[in-house]
Amino acid sequence: MLANLIPAAGMLVLSMATASLAQLPDAPIATNSLTSLPRVHARQATGPITIDGKLNETAWKDAEPMLLTQQSPYPGKPTPYVTDVRVLIVGDALVFGFNCHDPRPSAIQTHTLERDGDQLGDDTVTVILDSFGDKKTAYYFQINSLAARFDGLIAGPGDFSTDWDGVWDARTARTADGWSAEIWIPAQTLNFVGGGGHWGLQLDRSIVRDQTELRWASPTLDADLLDMRRAGDLEITSPLHQGHGIEVAPYSDGKMLRDFGPTSRNWLGTGGGEFIWKITPQLAAIVTVNTDFAETEVDSRQINITPFPLYFPEKRAFFLEGANQYAFGLDLNQTSTFLPFFSRNVGLLAGYDIPLQGGLKVNGHIGPWSLALLDVETRKTYVPDIVVQTLGLPSAKVEGTNLLASRVAYDLGKHTRLGAVVTHGDPEAQLENLLVGTDAVWNTSTFLGKRNLQLGAWVATTQGQVPHGSREAWGLRADYPNDLVNCSAGLNRFEDGFDPLLGFLPRPATHQTNASCMYRPRPSPTGPFRAVRQFSYDAFFSRFTDTNGNLQSQQLQFNPIHITTHAGDSLVVSAYMLHETLTSPFYIVPTVAYPVGSYDFQRYGASLATSQQRQLQFTNEFYVGGYYNGHLYHQTNKLIWSPLHGRFQAGVTSDNYFAHTPQGNFVEKLWQFKGALSWSPDLSLSTFIQYDNVSYGLSSNTRLRWTFRPGDDFFLIWDRAWTRDVSRPGINLGPSAESVTAKIRWTFRL
């Protein structure tokens with residue numbers, strides 16, 4: 001009955017919403033037309049600029065003004081959030097000044113002061129710089145109204161890595177009618193072509209209380225903020241210099257390690273760092289010695305109820321800079337279907353740290369060519385028994401080995417990129433393994449006049465000590481990512497002998513097909529659904545077979561109800577039809593195994609999420625239905641409290657699975673707590689506590705970060721773990737490991 005009611009309800013909402021849609025009348029544009037790309041000149045400041053967010057120096061009056069235009073919800077229409085932006089060259093840095101008018105300054109939202117904190121619920125301004133002018137890759141700089149910094153790297157439309165940390169600074173100030181900001185971006189933070197010329201530039205302002213977005217270039221609903229083909233033109237009129245192109249970033253740290261065994265605490269001290277040489281202003285070589293990742297936040301645990309490995313994102317800073325240049329194919333990075341090079345295979349084995357002796361990294365561009373190289377030497381080490389058991393290693397000793405990855409891409413005109421990738425090495429230091437691949441991506445933002453269309457193809461092979469069978473893999477994909485209609489389709493083929501040891505391939509020896517389509521109308525602002533920002537009617541399909549065509553997995557998902565309000569609250573109702581074939585018993589827990597066979601089942605679920613702009617945010621997601629030949633109930637709850645304008649934030653998450661099957665029942669639970677106390681954007685204390693009933697392990701990761709000068713940081717990290725003794729009644733959590741690390745890192749530029 002429920003399966004019949006949900007689609008019927010969805011069709012009723014669809015018909016009512018479609019009937020109320022109205023074509024918005026043309027409106028006068030505040031600045032640029034909706035389709036033409038604007039241009040601005042960055043000129044040398046005529047006087048000194050103090051980065052304090054106030055824009056009260058006379059030099060700002062000489063800078064060309066850029067007015068932002070409403071992009072969403074009503075492109076081109078007048079808005080009370082008048083925003084003008086100016087840019088100056090101050091020394092060898094770009095400085096952007098924002099004047100953000102707001103008719104209700106008391107309603108400006110801020111939820112975090114942490115570096116790279118979640119700013120989706122904050123009023124923000126953003127600067128995006130395509131310093132190569134390739135209309136694909138870019139640097140992303142964002143701040144909220146209290147100058148908390150958030151940055152990242154863009155590899156293409158929708159392909160965004162948020163874990164890169166550049167050296168830059170920002171300050172903000174409150175005004176009588178809003179707020180203002182100054183963003184300082186030194187030339188040495190960027191790679192670019194020459195000291196002047198033309199760069200791509202996009203500017204954005206977000207007002208979260210009514211989900212309004214303003215843009216400088218291409219303020220249309222189909223224009224993705226990360227799509228640099230839609231960016232305007234920044235002309236650098238006074239050459240920017242990167243000095244001698246030499247940067248030295250040493251570190252020193254001291255550690256206390258304790259395993260609560262018969263031995264006492266171990267006290268260790270070490271040092272190392274990076275030497276960076278910009279061979280040209282657009283090509284950099286980085287040498288690392290005794291690489292250290294002590295300040296990296298721990299992984300967020302995940303519950304896995306499938307037979308296949310889960311994806312965990314890279315968080316280590318050394319591997320993140322330039323990571324966008326390794327993007328391969330179309331959407332492969334975003335879907336984690338296949339990554340020919342997965343940097344977490346370097347320096348990590350099953351989550352355990354493998355020390356790096358040193359390495360060489362090259363990132364950058366030469367004209368239309370994009371170049372990336374990583375060559376790392378690991379050090380011999382001994383891993384815990386759990387790693388030996390998980391990976392099936394012959395012993396606890398893992399020899400040092402050389403690991404290499406390289407990527408080359410060439411821009412053939414303004415629509416096409418051709419590329420190749422090579423990897424060599426085995427993280428376990430046991431086998432000879434080589435991967436070679438090539439890809440091509442074609443994209444346009446003018447399909448049918450102003451629509452986005454992307455086409456991609458790739459092919460790869462692995463050689464060396466690989467499984468028997470064909471060693472090839474290939475894929476095709478087409479994306480039509482637009483506001484009203486967003487559809488995609490793709491297929492990937494991974495043959496039996498294709499085994500990329502430095503890559504990520506969760507489902508090897510499979511043939512995969514997938515398709516999705518979303519129809520997303522926006523109701524009239526004066527109609528019966530005026531409280532709704534956007535409806536979405538979604539369908540997703542995926543199919544996995546083995547290389548002989550035998551079905552392994554299939555999923556068909558419908559979202560007949562998907563509503564987003566003007567405030568950002570959302571409701572989604574979903575229905576799933578699933579098939580799984582097991583060719584070997586699947587042990588979900590040691591005492592419950594599902595036998596070989598084919599299973600068909602259905603699930604139904606819903607998700608309710610309040611807007612992230614609220615001081616108290618709540619999310620509830622659940623589904624219920626089949627699980628192999630039994631039943632499964634899954635519920636996730638999240639509660640986040642952000643008082644004191646982002647100076648304090650606390651959030652709890654519970655993720656619970658309850659299964660009842662003929663083979664036995666199981667319950668898997670994960671609890672997480674995140675807290676942060678920030679005195680300023682440069683000084684914060686955070687903690688991350690996790691417990692699950694699979695490992696029966698409780699862990700805490702507490703970090704103090706003080707940026708005492710842009711590029712110079714002090715970290716104090718306290719990690720502690722407890723393990724529950726399940727043989728005894730009660731909680732019985734006993735300490736199992738502890739470490740305290742103090743680390744200081746400097747950056748010297750010549």
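This note goes through a predicted model point by point, from confidence to individual side chains.

1. Basis of the note. The model is predicted, and local features are taken at pLDDT of at least 70, side-chain atom pairs at pLDDT 80 or more, while totals for chains, interfaces and linings use all residues. Residues are numbered from 1 along each chain as its sequence is written, and side-chain values use heavy atoms, with hydrogens and water left out.

2. Confidence. The mean pLDDT (the predictor's confidence in each residue, from 0 to 100) is 90 for the protein, and 95% of its residues reach 70 or more. Over residues 1–32, however, pLDDT stays under 50, although the model has 49 contacts (heavy atoms within 4.5 Å) beyond four places in sequence for this stretch. Where pLDDT is low, the predicted coordinates should not be read in detail.

3. The disulfide. A search of the whole structure finds one disulfide (a pair of cysteine sulfur atoms within 2.5 Å), and it joins Cys-487 to Cys-517 with an S to S distance of 1.8 Å. Cys-487 lies in strand S29 (residues 485–494) and Cys-517 in strand S30, so the pair ties together parts that are 30 residues apart in sequence; helices (H or I, at least four residues) and strands (E, at least two) are DSSP runs, numbered from the N terminus. Cys-517 counts as partly exposed at 34% relative accessibility, whereas Cys-100 is buried, with a relative accessible area of 2%; buried means under 20% relative accessible area, exposed over 50%, and partly exposed in between (1.4 Å probe, protein chains only).

4. Arg-520. This residue is found in the loop between strand S30 (510–519) and strand S31 (532–535). Its C-alpha lies 4.8 Å from that of Leu-484, although Arg-520 and Leu-484 are 36 residues apart in sequence. Not counting residues up to four places away in sequence, Arg-520 touches Asn-482, Asp-483, Leu-484, Asn-486, Gln-534, Phe-535 and Ser-536, and its side chain reaches the backbone oxygen of Asp-483 at 3.0 Å.

5. Aromatic pairs. The structure holds 34 aromatic pairs, where rings of Phe, Tyr and Trp (its six-membered ring) pair if their centres lie within 6.5 Å, and planes under 30 degrees apart count as stacked, over 60 as edge-to-face and the rest as tilted. Among them is the edge-to-face pair of Phe-529 and Phe-535, at 5.4 Å centre to centre and with 80° between the planes; Phe-529 and Phe-535 are both buried. The ring centres of Tyr-599 and Tyr-628 are 5.2 Å apart and their planes are at 90°, so this pair is edge-to-face. Tyr-599 lies in strand S37 (residues 597–609) and Tyr-628 in the loop between strand S38 (616–627) and strand S39 (630–641), so the pair ties together parts that are 29 residues apart in sequence.

6. Arg-507. Here a charge sits over a ring, meaning that NZ of Lys or CZ of Arg is within 6 Å of the ring centre and within 35 degrees of the ring normal. Arg-507 lies over the face of Phe-308, at 3.7 Å from the ring centre, and its charged end also sits over the ring of Phe-544, 4.1 Å from the centre.

7. Thr-747. Located in the loop between strand S45 (733–745) and strand S46 (748–749), Thr-747 counts as buried at 19% relative accessibility. Apart from neighbours within four places in sequence, Thr-747 is in contact with Glu-247, Val-248, Ala-249, Gly-711 and Asp-712. A polar atom of its side chain lies 2.7 Å from the backbone oxygen of Gly-711.

How values were computed:
Polar contact = N/O pair within 3.5 Å; in protein donor to acceptor, adjacent residues only side chain to side chain.
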